[in-house]
Amino acid sequence: MPTLTTGAHPAVRPRLLRGQAGREDRTAYEAAGGYQPGLAGAGLIAAVAASGLRGRGGGAFPAARKLAVVARQRGEKVVVVNGEEGEPASVKDRWLLRARPHLVIDGALRAAQAVGAGTIYFYVSDAGAAISLDAALAELASIPADLRVWPVEASYVAGEETAAVNALNGRPAKPSEKPPRPFEAGVGGLPTLVSNAETIASLPAISGGRVGEAPSFLLTLSGAVPRPGLYEVPFGIPLGEATEVLGGLAGPARGYVMGGYFAGLLSTRGHHLPLDYDALRAAGSGLGCGAVTVLGADDCPVGVAALLLAYFGRENAGQCGSCFNGTAAMAGVATALACGEAGPAEVARLAHWSGFLPGRGACATLDGAAGVAATLLREFPAEVDAHQREACGTCVATDFLAAGRPFALTPDSIAPPVEAAL
Amino acid sequence: MKIKLDRTVCDGFGKCASRAPAVFSLDEWGYASLERGLSAEADLPPELEQPARRALLDCPVHAITERPRVR
């Protein structure tokens with residue numbers, strides 16, 4: 001696993017990142033202005049709407065609408081802070097929970113107040129995050145809500161919002177068919193706000209009126225860059241600026257894997273695309289959870305797509321037939337292509353599935369897998385053509401049977417788990 | 001009438017698509033989804049209600065349910 005660094009883009013006054021190493025305790029958080037009174041209730045929700053904050057787990061759903069739909073329901077409600085971070089190439093949520101637990105708790109208390117919830121669950125799969133949260137909660141004397149840390153076994157699908165609700169309800173951490181969505185019937189059947197840890201961590205600054213004209217987000221930048229790491233960057237900077245100014249790459253990359261794995265592959269044209277939800281979506285890519293992996297000279301897009309599709313084939317929930325069949329079929333063709341054993345008929349089938357399968361699963365896993373196939377074919381047609389004649393040297397040297405998690409990261413180098421620090 | 005197809009329950013018998021081909025589409029492995037443009041959130045066109053109900057009753061694994069009317 002690569003050693004990561006942290007840093008902020010020069011145009012950003014960081015509100016999420018913190019320079020000092022180690023867990024920020026309550027004293028340090030309060031000294032930095034935490035847990036102060038600020039906008040609350042409907043006023044906070046209006047400020048969230050004005051800030052344009054969207055769900056940072058990858059769905060990019062407007063945060064204020066999610067808050068408002070829970071807030072307007074009567075009776076008991078629940079908040080779930082989703083720190084499960086199933087995308088292997090992302091570290092931001094685990095970093096936040098390990099390094100800045102009070103920022104997340106502060107945001108969660110504000111969210112619970114705004115929607116009228118008395119119970120908050122911190123849903124995490126990272127042991128270091130759970131330990132950090134427990135330590136932070138022990139530092140708080142009186143808390144105006146019932147706060148519980150809820151560990152779950154890590155998996156790609158466990159972070160999906162209905163999977164989180166199912167796990168909290170004592171069932172396997174797998175997604176359900178919608179409707180109902182958690183805001184209609186969530187934990188214990190109650191209206192439930194499930195919100196990503198970074199989204200929640202954005203609330204204290206909004207509540208305190210400290211979100212300026214350049215809202216920022218956490219970018220996990222890794223792959224073929226000299227300085228892989230976790231960076232706080234403004235929305236809208238070109239991807240190439242992020243990789244060169246922050247990552248230190250001298251010149252355009254061979255390509256990118258976007259949004260963790262979820263938004264698939266992107267060619268060198270990504271160099272000029274802005275890191276912005278709508279601009280990337282319009283370009284057929286996506287920001288997702290904000291994880292970008294840079295592909296270098298040693299990476300083959302065809303081989304990468306095969307490895308990603310094999311991952312989706314293994315890590316899907318095994319529930320929807322279109323998904324467990326479709327991911328396996330796409331992985332099979334992509335692997336055959338990488339091995340130089342697929343021709344035009346197989347590539348045509350891959351193209352068909354990439355267009356037909358999206359929307360045919362209860363969650364978005366199948367959409368992500370189909371997107372990997374679609375973006376491979378669209379962004380790297382020359383490489384796809386070449387592999388129909390023979391496998392490239394990189395692919396020949398790749399073990400496509402190894403059950404890997406390509407470009408997976410851990411936050412250990414920038415937020416060591418508490419045990420390791422003792 | 002609103003119907004919901006739970007694809008985590010569907011076992012690919014394909015009865016639904018034979019009873020109501022305008023409501024359900026199958027993938028090449030036989031697993032169903034609602035046809036594009038239809039949703040559990042919206043009422044079915046009236047002419048599709050009767051075949052959809054037939055599909056609901058004939059699904060061997062009860063993957064299709066009628067959604068309760070709200071208010």
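Residues are numbered from 1 along each chain as its sequence is written, chains are lettered from A and ligands numbered from 1 in the order in which they are written. In this predicted model, local features need pLDDT of at least 70 and side-chain atom pairs count only at pLDDT 80 or more, while totals for chains, interfaces and linings use all residues.

**Domains**

The domain bounds come from an automatic or database domain assignment.

| Domain of chain A | Residues |
|---|---|
| domain 1 | 12-211 |
| domain 2 | 216-295 |
| domain 3 | 301-396 |

Over C-alpha atoms, the centres of domain 1 and domain 2 of chain A are 25 Å apart. Their contact (C-beta atoms, placed from the backbone, within 7 Å) involves 17 residues of domain 1 and 20 residues of domain 2 of chain A.

**Helix pair**

Helices (H or I, at least four residues) and strands (E, at least two) are DSSP runs, numbered from the N terminus. In chain A, the axes of helix 2 (residues 41-51) and helix 5 (residues 101-115) come within 8 Å and cross at roughly 115°; axes are lines fitted to C-alpha atoms, for helices over the stretch in contact, and angles run from 0 to 180 degrees between N-to-C directions. A:Gly41, A:Leu44 and A:Ile45 of helix 2 meet A:Arg110, A:Gln113 and A:Ala114 of helix 5.

**Sheet**

An open sheet of chain A contains 6 strands in the order 1-7-6-10-8-9, with mixed pairing; two strands pair if DSSP finds at least two bridges between them. Strand 6 (residues 216-223) and strand 10 (residues 291-295) of chain A run parallel and are joined by 4 bridges. A:Gly223 has A:Val294 in strand 10 of chain A as its bridge partner.

How values were computed:
Two residues are in contact if their C-beta atoms, placed from the backbone, lie within 7 Å.
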